[in-house]
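Please walk me through this structure in plain terms, for someone who has not seen it before.

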Amino acid sequence: MSSGMLRGLERSKKLKRIILLFILTITVVASLSACRQASDEVYMGGSSYIYDNILYFTEQKYLKYTRFDTGETAVLCHDPLCKHDTEDCIAYLPNGFFYHLVVDEAASKNGIVLYVSYSYLKNITDFDQVHGIARIDFAEGKREMFADGLDCSAINQISIVGDKFYFIATNTDDYYYRIFFLDKNGRNLTQLTETAEINYLLCAIEDGYFYYSDDFGNIYRTVDFTGQELLYTSKHHYGFYIHNGYLYYCDDEVYELNENLELPAYDYQTGKWGSYRWPTRSYTYYRIPLDDVSAEPQVVVDGALGTQQMLFTDTHLYAISVMHKYLGMYTVYDPELKMEIPEYVAVRTDGVLKVDLETLEVEKITIEGDWEIYGIISADDEQIVFRGDHQRSKLENQMSHGIKIVIYNLKDQSYTIMTEN
C-alpha cells in the first residue's frame with residue numbers, strides 16, 4: 001500500500017467530517033407542522049448554485065461568481081473600489097469561512113439575493129467558533145448575519161422551501177448530520193430528525209414527497225416526517241437519486257487492487273517496504289419506477305463512480321467514469337521515519353458518461369489533461385463544468401493544489417479554472 005494511502009488511513013478519524021461533508025448532498029425537507037404543498041417555491045442549495053447563466057460559489061473567505069457567457073470571475077461585491085479585505089465587504093469574512101449557499105430566486109428579480117452558511121472565530125484567543133447563516137443582497141450592498149450563533153455546526157446545503165429554511169448540520173460534540181428547520185427570519189431552530197449515531201441524507205423532492213436515506217442504505221418517502229414509507233434498501237448508503245418518477249441507485253461494486261511490483265512503497269502498518277498498490281471501485285447504476293419499486297431494475301450505466309455528485313438534466317444523466325492511470329511519483333521527507341518516502345500520483349477518472357434517459361444509450365466523453373473529477377456541476381453539448389483535481393500539476397509541482405471548479409470546452413478540449421480551494 002502506498003505511503004499516501006496509509007497516512008490517509010491514519011488520519012481517517014480527523015477527516016470524518018470532511019468526508020461526510022463531501023459526499024452528503026441535500027435538497028429540501030417538509031415543514032414540521034403541515035404537509036408541504038406542491039406550489040411552494042423550492043430552491044436547493046449547495047457549495048455552488050447556478051442562476052441566470054451565472055455560477056455562484058464559495059471560496060474559503062470569499063463569495064464569488066462566474067459568468068458562463070463571458071468567463072468573468074469576480075468577488076460578489078457591489079463596490080468596484082473595495083479591496084475585499086475587511087468586514088465591510090459583503091463578500092469577505094475575516095477569521096472564518098463561507099460554506100454552502102442558495103439563491104433566493106423569488107427575491108432576485110431586481111438583483112441577486114442569496115443565503116450562505118458560515119463559521120468564524122469570535123475570539124481567536126480561545127477559539128470561540130460561531131456558526132450561522134447570512135443574507136447577501138448584492139444590489140443593495142447589504143450583508144445581514146440574521147442567524148448568527150446557531151446551536152449547531154457544519155451547516156450544510158441550505159435550502160429554501162417557501163418562507164422556511166432547511167439544512168443538515170452536526171452538533172458540536174459529534175459528527176452526525178441531522179435535518180434542521182429554521183424560520184426565514186432566523187428564529188425557531190428545530191431539529192427534525194432524531195439524535196442518534198446515524199447520518200441522514202435528503203435525496204430529492206418530487207410531487208410533494210420527500211426522499212431521504214440513512215447510513216444503512218435505506219431510502220424512505222415521506223410527506224412531513226411524521227411517518228415514512230420504506231422504498232428500497234441498498235447495499236450502499238450513497239448514490240441515491242430521484243428523477244422524473246424513477247429511483248436511481250448503485251450496485252454491483254467492482255473492486256480492483258492495482259499493484260505495480262516495480263514501484264516500492266513503505267507500509268506504515270508493518271514498518272516494511274512493499275510494492276505500490278492502488279485500489280479502485282466502480283459501480284453499475286440501476287433505476288426502478290417509484291410507483292412500482294418491485295419492478296425489474298433497468299441497467300442505466302456501468303463503470304461509474306458511486307457518488308452523490310452526478311448531474312441530471314431534463315434529458316440526460318452525466319456520471320463520472322472510472323479508469324486506472326498512473327502518472328508518476330516524487331519523494332517527500334518523513335520527519336518521523338527520517339527518510340525520503342515516495343508519493344505516487346494517479347488518475348481514477350478520465351471522463352464523463354452521458355446517458356440518454358429515454359433510450360439509455362451511453363456516450364463516453366473523454367476529458368483530456370489528467371483530471372481526477374469529483375463532481376459534475378453543469379453540462380450541455382458545448383461544455384462541462386466540474387470539480388476536480390489536476391493530477392498532472394500535482395505531479396509537476398510535487399504538491400496537491402486542492403479541488404478546483406473547471407469549465408471544460410468540449411470542442412477544443414480546453415479548460416478554464418474558475419476557482420481553487
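The structure holds zero disulfides. This is a predicted model. A disulfide is a covalent bond between the sulfur atoms of two cysteines. The cysteine sulfur closest to that of C77 belongs to C89, and at 3.9 Å it is too far for a bond, since a disulfide needs the two sulfur atoms within 2.5 Å. C77 is buried, its relative accessible area being 11%. C203 also counts as buried, at 12% relative accessibility.

Beyond its neighbours within four places in sequence, I133 is in contact with residues including Y115, V116, F146, L150, F167 and L182.

H131 is part of strand 8, which covers residues 128–137. H131 is buried, with a relative accessible area of 10%. Leaving aside neighbours within four places in sequence, the contacts of H131 include Y118, S119, D148, C152 and I155.

Four strands form it as an open sheet in the order 22-23-26-27, with antiparallel pairing. Strand 22 (311–312) and strand 27 (362–366) are the edge strands, and each pairs on one side only. Strand 22 pairs with strand 23, residues 316–320, over two bridges. L311 has Y318 in strand 23 as its bridge partner.

Charged side chains are the last topic. Side chains of opposite charge can pair when their charged atoms come close. The count comes to 14 salt bridges. One of them joins R178 and D174, with N and O 3.1 Å apart. R178 is buried at 1% relative accessibility, and D174 is buried at 18%. In another, the closest N and O atoms of E229 and R221 are 3.0 Å apart. Here E229 is partly exposed, with a relative accessible area of 40%, whereas R221 counts as buried at 15%.

K235 forms a salt bridge with D251, at 3.8 Å between the closest N and O atoms. K235 lies in the loop between strand 17 and strand 18 and D251 in strand 19, so the pair ties together parts that are 16 residues apart in sequence. K235 is exposed, at 69%, while D251 is buried, at 13%. Finally, a network of salt bridges links K325, D370 and R392.

Technical notes:
Residues numbered from 1 in each chain as written. Predicted model: local features only at pLDDT ≥ 70, side-chain atom pairs only at ≥ 80, totals over all residues. Heavy atoms only, no water. Pairing = 2+ DSSP bridges. Buried < 20%, exposed > 50% of the residue type's maximum accessible area, 1.4 Å probe, protein only. Contact = heavy atoms within 4.5 Å. Salt bridge = Lys/Arg side-chain N within 4 Å of Asp/Glu carboxyl O.
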